[in-house]
Amino acid sequence: MVDRLKKELPPALMAQHHQVLSVNKITRLLERNAGLAKAYQSENRFGYFRRVKLINAYKWSLKEFGYPDDFIKIAVESLIVGMAKK
């Protein structure tokens with residue numbers, strides 16, 4: 001998921017041109033990632049701890065690639081909400 005996000009929305013672009021990016025584009029990308037996580041979760045029957053592990057791995061991967069902290073917070077929140085939907 002993070003690799004796909006990195007290709008479509010590079011961290012350097014987020015850091016330098018944060019105000020220029022379209023909110024709709026960012027929202028679509030984050031919703032797509034949440035949908036991928038939800039599909040993966042339903043295929044593999046995640047419990048609570050596996051969901052937490054996936055979310056933490058997602059968060060730390062975003063940090064590792066250099067995304068801004070405010071974006072990481074929003075991305076993780078969208079992933080949590082996306083995985084919680086039935």
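Let's start with two helices. Helix α4 and helix α5 (residues 69–84) pack at an angle of about 155°, and their axes lie 10 Å apart. Axes here are lines fitted to C-alpha atoms over the stretch in contact, and angles run from 0 to 180 degrees between N-to-C directions. The pair is therefore roughly antiparallel, a label for angles over 145 degrees.

Who makes the contact, meaning heavy atoms within 4.5 Å? From α4, we have R51, L54, I55, Y58, K59, L62 and K63. From α5, the list is D69, I72, A75, V76, L79, I80 and M83. By class, that gives 10 nonpolar, no polar and 4 charged residues. Ala, Val, Leu, Ile, Met, Phe, Trp, Tyr, Cys and Pro count as nonpolar; Asp, Glu, Lys and Arg as charged; the others, Gly among them, as polar.

A word on the source. This is a predicted model: local features need pLDDT of at least 70, side-chain atom pairs count only at pLDDT 80 or more, and totals for chains, interfaces and linings use all residues. Residues are numbered from 1 along each chain as its sequence is written, and side-chain values use heavy atoms, with hydrogens and water left out.

How confident is the predictor? pLDDT scores that from 0 to 100 for each residue. The chain averages 85, and 93% of the residues score at least 70. Confidence is highest in α4 (residues 48–65), at a mean of 92, and lowest in helix α2 (residues 11–16), at 76.

Last, N33. This residue sits in helix α3 (residues 23–44). N33 is buried, at 2% relative accessible area; the cut-off is under 20%, with a 1.4 Å probe and protein chains only. Beyond neighbours within four places in sequence, N33 touches M1, L5, Y58 and L79. Y58 and L79 also belong to the α4 and α5 contact.

Terms used: Helix = DSSP H or I, 4+ residues; strand = E, 2+ residues; numbered from the N terminus. Buried < 20%, exposed > 50% of the residue type's maximum accessible area, 1.4 Å probe, protein only. Contact = heavy atoms within 4.5 Å. pLDDT = per-residue confidence, 0-100. Parallel < 35°, antiparallel > 145°, perpendicular 65-115°, else oblique.
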